[in-house]
Amino acid sequence: MMKKRQVVVKRITGGSSTRNIRYVECQKNHAANIGGYAVDGCREFMASGEDGTTAALTCAACGCHRNFHRREVDGGEVVSESP
Ligand SMILES: [Zn+2]
């Protein structure tokens, strides 16, 4: 009698729904503490770490949290990551 083996394949990915969403200009005001307004000029968010880590939410270019970057939702463009 043969036993059937059940193979469960679980894919552990970042799981984030980054589809059609990208983070562009950094809008953090670096001069807020002196009552001015100055951004660091970062044009696009680049994760400084892998998805799922806190570093993924920190911009590698300017060091600000992703929340400071303007979120842009694309209509058609789909950025797919190659495995
Ligand atoms: Zn920044």
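Leaving out residues up to four places away in sequence, Phe-68 touches Cys-26, Gln-27 and Lys-28; two residues are in contact if their C-beta atoms, placed from the backbone, lie within 7 Å. This is a predicted model, in which local features need pLDDT of at least 70, side-chain atom pairs count only at pLDDT 80 or more, and totals for chains, interfaces and linings use all residues. Residues are numbered from 1 along each chain as its sequence is written.

**The core**

- Phe-68 also belongs to the largest nonpolar core, whose seven residues include Tyr-23, Cys-26, Cys-42, Phe-45, Cys-59 and Cys-62 as well.
- A nonpolar core here is a set of buried Ala, Val, Leu, Ile, Met, Phe, Trp, Tyr and Cys residues joined through C-beta atoms within 7 Å.
- A residue is buried if 20 or more other C-beta atoms lie within 10 Å of its own, exposed if 12 or fewer, and partly exposed in between, with C-beta atoms placed from the backbone.
- In soluble globular proteins, nonpolar side chains tend to be buried together.

**The whole protein**

- The protein has 83 residues, and 10% of them are buried.
- It contains two strands and zero helices; helices (H or I, at least four residues) and strands (E, at least two) are DSSP runs, numbered from the N terminus.
- Of the contacts with a separation of 6 or more, 43% are between residues 24 or more positions apart.

**Glu-25, in a strand**

- Glu-25 sits in strand β1.
- Glu-25 is partly exposed because it has 16 C-beta neighbours inside 10 Å.
- Beyond its neighbours within four places in sequence, Glu-25 is in contact with Cys-42, Arg-43, His-69 and Arg-70.
- From Glu-25 to Arg-71 the C-alpha distance is 8.4 Å, although 46 residues separate them in sequence.

**Two residues in the loop**

- Leu-57 is part of the loop between β1 (21-26) and β2 (69-73).
- Leu-57 counts as partly exposed, because 16 C-beta neighbours lie inside 10 Å.
- His-65 and Arg-66 are in contact with Leu-57, once neighbours within four places in sequence are set aside.
- The C-alpha atoms of Leu-57 and Ala-47 are 6.1 Å apart, with the two residues ten apart along the chain.
- Asn-29 also lies in the loop between β1 and β2.
- With 13 other C-beta atoms within 10 Å, Asn-29 is partly exposed.
- Apart from neighbours within four places in sequence, Asn-29 is in contact with Tyr-37, Ala-38 and Val-39.
- Asn-29 and Asp-40 are eleven residues apart in sequence, and their C-alpha atoms are 7.8 Å apart.
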